[in-house]
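Trainee: I would like to learn how to read the features of a protein model, one at a time. Could we go through an example together?

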Amino acid sequence: MLRAHAEGLTHPILDGKVFDADRSSEKITSVKGEQIDLWYSGKAHTFGGNIQALSAPTGLPLWVSDVESGSVHNLVAAREHVLGQLYWAASYLALPTLAEGGYESAGIGVHTPIKQPPTAGLST
């Protein structure tokens, strides 16, 4: 984050991706008490690993996390690997982070799209 700030970047972009893997299988118990496959991503509907990344506004990768299992949500993986550094950068370097809606409630300095209120019942 210091290098990004020194290079004059206005913000990093946080995103996650589940990369397909067809050789991973390990059963665990979910928070609901059910047996699930650790490497299966319900969101991506595939087996794989979840990787978090920070990019410059131009798309140039700045940092990539270690892989988490596909069943780990992006926000959980980000908390584990990078949110602490992003909070620090937002407060000490005035370097906010942009992220997609899946990171809503990530915390101070991580900006996500604002959900539009429903327009039903509103007069024009």
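Mentor: We shall go from the inside of the chain to its surface, keeping in mind that this is a predicted model.

Trainee: Which residues make up the largest nonpolar core?

Mentor: The general idea comes first: in soluble globular proteins, nonpolar side chains tend to be buried together. In this model the largest nonpolar core has eleven residues in all, namely Leu 14, Leu 54, Leu 75, Ala 78, Val 82, Leu 83, Leu 86, Ala 99, Tyr 103, Ala 106 and Val 110. Helix α2 (74–81) and helix α3 each supply at least two residues of this core. To see how one member is surrounded, take Leu 54: leaving out residues up to four places away in sequence, Leu 54 touches a list of residues that includes Met 1, Pro 12, Ile 13, Leu 14, Trp 63, Val 82 and Leu 86.

Trainee: Where is Gly 49, and which residues does Gly 49 touch?

Mentor: Gly 49 is placed in strand β5, and with 7% relative accessibility Gly 49 counts as buried. Not counting residues up to four places away in sequence, Gly 49 touches Lys 17, Val 18, Phe 19, Trp 39, Val 67, Glu 68, Ser 69 and Gly 70. Separation can be read in two ways, as the pair Gly 49 and Ile 28 shows, being 21 residues apart in sequence and 15 Å apart in space from C-alpha to C-alpha.

Trainee: How many salt bridges does the count come to?

Mentor: Side chains of opposite charge can pair when their charged atoms come close. Here the count comes to two salt bridges. One of them is formed by Glu 7 and Arg 3, whose closest N and O atoms are 3.6 Å apart, and both Glu 7 and Arg 3 are exposed. Another is formed by Lys 115 and Glu 104, with the closest N and O atoms 3.2 Å apart. That pair links distant parts of the chain, since Lys 115 is in the segment after β9 (110–111) and Glu 104 is in the loop between β8 (97–99) and β9, eleven residues apart. Lys 115 is exposed at 63% relative accessible area, whereas Glu 104 is partly exposed at 39%.

Trainee: Which residues make the nonpolar surface patch?

Mentor: Leu 2, Trp 88 and Tyr 92 make a nonpolar surface patch of about 380 Å². Tyr 92 belongs to helix α3, residues 83–92, and is exposed, with a relative accessible area of 64%.

Notes:
Residues are numbered from 1 along each chain as its sequence is written. This is a predicted model: local features need pLDDT of at least 70, side-chain atom pairs count only at pLDDT 80 or more; totals for chains, interfaces and linings use all residues. Side-chain values use heavy atoms; hydrogens and water are left out. Patches are made of residues with over 30% relative accessible area and no salt bridge: like charges are joined within 9 Å, nonpolar side chains (Val, Leu, Ile, Met, Phe, Trp, Tyr) within 5 Å. Accessible areas come from the Shrake-Rupley method with a 1.4 Å probe; for residues, only the protein chains shown count as cover. A salt bridge is a side-chain nitrogen of Lys or Arg within 4 Å of a carboxyl oxygen of Asp or Glu. Helices (H or I, at least four residues) and strands (E, at least two) are DSSP runs, numbered from the N terminus. Buried means under 20% relative accessible area, exposed over 50%, partly exposed in between (1.4 Å probe, protein chains only). A nonpolar core is a set of buried Ala, Val, Leu, Ile, Met, Phe, Trp, Tyr and Cys residues joined through side-chain atoms within 4.5 Å. Contact means heavy atoms within 4.5 Å.
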